Amino acid sequence: SKEQLWKRVETRTPVSLQASPVVLSPVAKVALSCLVPTSLGYIKSEYGVSYGYGTSVALVATLVLQQLTPGTVPYDHALALLF
């Protein structure tokens, strides 16, 4: 049966191959949020300036919103950057 086959696969899979969540530091999250979208400029130069910049700002604003208290000026400013 499928269940028995799946149990055999689970028991034979080495721990190093099992999926584990990737945990990034806050600095790494911001760095990736800034670098990855602007790397679109390698595909087409205009993408890095327009789509890349806008996506970077939106991603960093999202990261900041998760850390702030709603209703404060910094929160409202980060929220405004999303729109």
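Which residues does Ser33 touch, not counting residues up to four places away in sequence? They are Ser56, Leu59, Val60 and Leu63, where contact means heavy atoms within 4.5 Å. The model examined here is predicted: local features need pLDDT of at least 70 and side-chain atom pairs count only at pLDDT 80 or more, while totals for chains, interfaces and linings use all residues. Residues are numbered from 1 along each chain as its sequence is written, and side-chain values use heavy atoms, with hydrogens and water left out.

The chain has five helices and zero strands, and its elements run α-α-α-α-α from the N terminus on. These elements are DSSP runs numbered from the N terminus, with helices being H or I of at least four residues and strands being E of at least two. Of the 83 residues of the chain, 11% are buried; buried means under 20% relative accessible area, exposed over 50%, and partly exposed in between, with a 1.4 Å probe and protein chains only. The chain exposes about 6,900 Å², of which carbon and sulfur atoms supply 66%. Such accessible areas come from the Shrake-Rupley method with a 1.4 Å probe, and for residues only the protein chains shown count as cover. Among contacts in the chain with a separation of 6 or more, 23% join residues 24 or more positions apart.

Ser33 itself sits in helix α2, which covers residues 26-38. Ser33 counts as buried because its relative accessible area is 10%. Its side chain reaches the backbone oxygen of Lys29 at 2.8 Å.

Leaving aside neighbours within four places in sequence, Ser56 is in contact with Ser33, Cys34, Pro37 and Thr38.

Helix α4 (residues 51-65) deserves a look of its own. Its 15 residues reach 21 Å from the first C-alpha to the last, close to the 21 Å expected at 1.5 Å a residue; the expected span is 1.5 Å times one less than the number of residues. The buried residues of α4 are Gly52, Ser56, Ala61 and Leu65. Their cover includes α2, α3 (45-49) and α5.

Helix α5 (residues 73-81) holds Ala78. Ala78 is buried because its relative accessible area is 4%. Beyond residues up to four places away in sequence, Ala78 touches Ala61, Val64 and Leu65. Ala78 and Ala61 are 17 residues apart in sequence, yet 5.1 Å apart in space, C-alpha to C-alpha.

Leu24 lies in the loop between α1 (2-12) and α2, and counts as partly exposed because its relative accessibility is 37%.

Terms used:
A polar contact is a pair of N or O atoms within 3.5 Å; within protein, one must be able to donate a hydrogen and the other to accept it, and residues adjacent in sequence count only if both atoms are side-chain atoms.
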